Amino acid sequence: MSPDGGTNEDVERLGSLIRRLREDAGMSQGELAAAAERHQPRSHGGLDIGQISRWEREVRLIGPYWLPAMAEALGVPEERLRRARAASKAARRRVRGPQPTGVDAVLRDLLPPDEPLAAVETRAGARVGMRDADRILRRAHALRLADDLVAGGDLVDAAMRELNAARELFNAGSHSEIGGLRTRAHLRSVP
């Protein structure tokens, strides 16, 4: 049930609503991003065309930080977007079924089937190659997806475990000079 007593199936989903309202207003995705940023006093230029596209395609759902600014930019009551967001979340639950609980269960569900839950193993002196880099990237992607399902504070231990394993793999393994420089640059950019 939605807050107004109707069912979420009766409410337009968030992505299609944002797209329709934007197109009705004659705005491009870039113009909508700029308009929403003007209505978000704490914005630091973090909204762009890509994010608007992800919201319209429901790859991601707009969160509470941007919801009021988007409502202002689109000229609709914030509650309308909240109801549409609830309908989209309900539709996602119906499609995906019950979600795993706990960080390990979520990560196990998001990692590729052949990927163990344990962090990437460190092999002193082993050659670090593209396969290792791809594996670390897949695991980082799973952590990003898990962030949508699990509270951030709960992910800190798993994220730090992955980061430390990646750093140890880099430090203990051998690699080409170019590959090592690229890997080192990526690892240094992570807080």
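Predicted model: local features only at pLDDT ≥ 70, side-chain atom pairs only at ≥ 80, totals over all residues.
**Helix pair α2/α4**

I noted the crossing of α2 past α4 as right-handed. On the α2 side, the residues making the contact are Leu 32, Ala 35 and Ala 36. On the α4 side they are Ala 69, Met 70, Ala 73 and Leu 74.

I then listed the buried residues of α2, which are Gln 29, Leu 32, Ala 33, Ala 35 and Ala 36. These residues sit on the same side of α2, because the arc they cover around the axis is only 165 degrees. I looked up what covers them and found that α1, α3 and α4 are included.

**Nonpolar core**

Which residues have the most contacts inside the largest nonpolar core? I found Leu 32, Trp 55, Trp 66, Met 70, Leu 74 and Leu 81, in a core of 26 residues. Two or more residues each come from α1 (14-24), α2 (29-38), α3 (49-56), α4 (67-74) and α5 (78-96). The element that gives the most is α4, with six residues.

Apart from neighbours within four places in sequence, Leu 74 is in contact with Ile 18, Leu 21, Arg 22, Met 27 and Leu 32. Leu 32 is also one of the α2 residues that meet α4.

**Helix α1 and Arg 22**

For α1, I recorded Leu 14, Gly 15, Leu 17, Ile 18, Leu 21 and Arg 22 as buried. Viewed down the axis of α1, they fall within an arc of 165 degrees, so the buried residues line one face of the helix. After α1 comes Gly 26, with a positive phi near 70 degrees.

Leaving out residues up to four places away in sequence, Arg 22 touches Met 27, Ser 28, Gln 29, Leu 32, Glu 56 and Leu 74. Two of these, Leu 32 and Leu 74, I had already listed among the core residues with the most contacts.

Glu 56 was next, as a partner of Arg 22. Glu 56 lies in helix α3 and is buried, with a relative accessible area of 4%. Which residues does Glu 56 touch, not counting those up to four places away in sequence? I found Gly 15, Ser 16, Ile 18, Arg 19, Arg 22 and Gln 29. Glu 56 and Ile 18 are 38 residues apart in sequence, with 6.1 Å between their C-alpha atoms.

Glu 58 lies in the loop between α3 and α4. I noted its phi near 60 degrees, a positive value in a residue other than glycine. Glu 58 counts as buried, at 11% relative accessibility.

**Asp 48**

I checked Asp 48 in the loop between α2 and α3. Asp 48 is partly exposed, with a relative accessible area of 40%. Not counting residues up to four places away in sequence, Asp 48 touches Ala 33 and Arg 54. I also looked up Asp 48 against Leu 32: they are 16 residues apart in sequence and 8.8 Å apart in space, C-alpha to C-alpha.

**Whole chain**

How many helices and strands does the protein have? I counted nine helices and zero strands, in the order α-α-α-α-α-α-α-α-α from the N terminus on. Of the 191 residues, 36% count as buried. I took contacts between residues at least 6 apart in sequence, and 63% of these join residues at least 24 apart.

**Confidence**

The average pLDDT of the protein is 74, and 58% of the residues score at least 70. Residues 1-8 have pLDDT below 50. That stretch has eleven contacts in the model beyond near neighbours in sequence.

Note on methods: Residues numbered from 1 in each chain as written. Heavy atoms only, no water. Core = buried A, V, L, I, M, F, W, Y, C linked by side-chain atoms within 4.5 Å. Buried < 20%, exposed > 50% of the residue type's maximum accessible area, 1.4 Å probe, protein only. Helix = DSSP H or I, 4+ residues; strand = E, 2+ residues; numbered from the N terminus. Contact = heavy atoms within 4.5 Å. pLDDT = per-residue confidence, 0-100. Arc of directions from axis to C-beta. Left-handed = near helix turned anticlockwise from the far one by under 90°.
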